[in-house]
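Trainee: I would like a close look at one part of this model, please. Could you start with a loop, and then show me how the helices are placed and what they touch?

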Amino acid sequence: RLRASGVRLVLVTLTSMLHDPSHKSIPEVGKEIRLEQHEIDVLRKLAEEWAGIADLPVHKGKARLWQKLNDLESERPMVWINEIPWHEMNYNDELSLSCKDPWARSQEDLMRKIIYQWKHMPGDMILNPWLDCPLSIYSTDFGIIEDVDLAITDPASDIVSRHFNIKISDMDDLEKIRMPIISHNSGATEIRYRLMNEIFSDILPVKKQGQTHIWFTPWDFLIRWWGIQEAMTDLIMRPDMIHAFYEKMVQAWMVELEQFEEQNLLSLDCNNTRIGSGGYGYTGELPGENYDPGWVKPHNMWGCSNAQIFSEVSPEMHWEFAIEHDLKWMERWNLNYYGCCEPLVGKGHLMKKIPNLRKVSCSPWNNTGKVITELGRDYVLSRKPNPAIFVTEKFDTVQARREIKDFLIQTEGECHVEFIMKDISTVNYEPRRLWEWERICMEEVTRFKMK
């Protein structure tokens with residue numbers, strides 16, 4: 001067991017995202033620290049609780065059901081909750097942090113949230129019987145940082161309204177977009193890996209983890225630099241400029257992917273990794289036959305794309321200014337996920353042109369009946385119930401159940417479905433609302449029979 005006295009540890013500052021338009025990330029820097037004994041005790045106690053949960057046989061059964069879903073052989077719809085307003089969820093101090101050191105605090109936060117979700121709103125979540133040690137990967141990014149004005153209604157929340165100030169206005173700005181350079185600080189990785197093993201290895205194994213599923217979404221970046229109204233207008237007024245900037249963003253992601261592959265920094269995502277804006281990636285079709293366990297390649301993994309800002313864009317323009325460019329990215333992966341919040345009704349014929357497409361987002365703003373008709377059993381429908389149900393003065397359990405049942409009835413037991421409750425801005429500081437929604441959803445999907 002690791003003891004604080006006489007042991008010097010090294011902190012490596014983790015970055016939560018490889019790319020974030022709001023700020024420029026910095027490479028990880030090693031810094032010697034000394035953990036207090038109570039911090040070690042806290043982390044080890046959480047690891048013991050984690051290990052007890054991960055050892056439950058239910059996880060193997062859930063993994064089998066996720067795999068059946070993603071292989072289009074589903075036995076029932078699957079359920080997962082993500083993008084939770086954690087600042088509103090603390091119950092009986094289960095999320096209160098006691099560690100002071102930044103690394104220990106971030107690890108404690110991660111473990112408490114996972115254990116909390118398992119206790120109160122697990123759905124079909126799965127805990128690994130190990131802990132991940134992320135590789136220390138750094139990207140120089142795309143060269144532009146957003147200029148934004150914020151409107152904050154709840155200081156405790158990171159959900160804010162944004163007004164984007166224009167960074168792209170003419171073709172000369174194309175040079176502002178840079179090709180990213182990827183690097184791996186193997187020394188920093190080893191420092192963190194040794195630290196985690198000293199703390200956890202007699203309770204849980206520690207495994208190094210490279211870059212798993214990549215959230216590929218050029219439009220999410222472009223509108224924050226371009227301006228939403230301006231970009232939508234330029235689809236008509238300056239289409240050549242749109243094509244030039246979007247294509248360069250696709251190229252930037254492709255350049256980055258090549259470096260991930262060349263440097264052997266990819267890790268499999270056919271497991272309890274989130275895929276696109278949906279659920280887990282378990283599937284019998286990955287990693288596939290052409291697989292080297294020592295060197296993961298894109299064709300062993302899931303890809304994804306979306307164009308969230310294209311909610312009101314015609315199918316023809318959606319194809320021309322997004323999907324047609326995305327094809328070169330999506331061809332690299334063995335399976336793909338498409339969509340997020342944008343309604344895709346009326347665009348099913350576009351989905352059928354996407355190579356290796358397996359899962360399609362079905363946001364609450366779709367005409368549900370038409371989407372089901374267009375996509376049928378050919379894809380997994382990644383259903384996103386409307387999180388606005390949590391905002392009302394009193395949580396309406398009857399409505400929550402009705403919305404879930406109505407969608408299932410419309411599928412007539414013939415569609416492959418996952419329910420992903422996400423984008424939850426608030427539960428009105430009543431955590432039990434989300435717990436209750438999970439209970440209701442699990443009741444409905446477990447009694448639902450596939451034909």
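Mentor: Gladly! Let's begin with how the elements get their names: helices (H or I, at least four residues) and strands (E, at least two) are DSSP runs, numbered from the N terminus. With that in hand, you can find Pro287 in the loop between α7 (239–262) and β10 (302–305). Please keep in mind that this is a predicted model. The peptide bond that joins Leu286 to Pro287 is cis, with omega about 10°.

Two other loops are worth a stop. Leu72 sits in the loop between α2 (58–70) and β3 (78–81). Its phi is positive, about 60°, although Leu72 is not a glycine. Leu72 is partly exposed, since its relative accessible area is 24%. Glu412 belongs to the loop between α11 and β14 (416–421), and here too a residue other than glycine has a positive phi, near 55°.

Now to the helix α10, which covers residues 368–375. Which of its residues are buried? They are Thr368, Val371, Ile372 and Leu375. Viewed along the axis of α10, these buried residues stay within an arc of 100°, so they line one face of the helix. Just after the helix, Gly376 has a positive phi of about 55°.

What do the buried residues of α10 pack against? Their partners are α9 (348–351), β12 (357–362), β13 (380–383) and α11 (397–411). Take Thr368, one of the residues of helix α10. Its relative accessibility is 13%, and because buried means under 20%, Thr368 counts as buried. If you leave out neighbours within four places in sequence, Thr368 is in contact with Arg383, Phe407 and Gln410.

How can we describe a pair of helices that pack together? By the angle between their axes and the distance between the axes. For α10 and α11, the angle is about 35° and the axes are 10 Å apart. Their crossing is right-handed. On the α10 side the contact is made by Thr368, Gly369 and Ile372, and on the α11 side by Phe407, Gln410 and Thr411. Sorted by type, the residues of this contact are two nonpolar, four polar and no charged.

Another pair to look at is helix α1 (residues 37–54) with helix α3 (residues 102–120), which pack at an angle of about 30° with axes 10 Å apart. Angles under 35 degrees count as roughly parallel, and α1 and α3 are therefore roughly parallel to each other. Their crossing is left-handed. From α1, the residues in the contact include Leu43, Leu46 and Trp50, and from α3 they include Gln107, Met111 and Trp118. The residues of this contact divide into twelve nonpolar, one polar and five charged.

Let's stay with Gln107, which has its place in helix α3. Is Gln107 buried or exposed? It counts as buried, because its relative accessibility is 8%. Beyond its neighbours within four places in sequence, Gln107 is in contact with Leu43, Leu131, Met196 and Phe200.

To finish, here are two pairs of residues that you can find in the 3D view. Ala188 is part of helix α4 (residues 186–200), and at 5% relative accessibility Ala188 counts as buried. In sequence, Ala188 and Val29 are 159 residues apart, while in space they are 7.5 Å apart, C-alpha to C-alpha. Glu316 lies in helix α8 (residues 315–330) and is exposed, with a relative accessible area of 57%. Glu316 and Leu350 are 34 residues apart in sequence, and their C-alpha atoms are 9.0 Å apart in space.

Technical notes: Residues numbered from 1 in each chain as written. Predicted model: local features only at pLDDT ≥ 70, side-chain atom pairs only at ≥ 80, totals over all residues. Heavy atoms only, no water. Axes fitted to C-alpha atoms, helices over the stretch in contact; angles between N-to-C directions. Parallel < 35°, antiparallel > 145°, perpendicular 65-115°, else oblique. Left-handed = near helix turned anticlockwise from the far one by under 90°. Contact = heavy atoms within 4.5 Å. Nonpolar A, V, L, I, M, F, W, Y, C, P; charged D, E, K, R; others polar. Buried < 20%, exposed > 50% of the residue type's maximum accessible area, 1.4 Å probe, protein only. Arc of directions from axis to C-beta.
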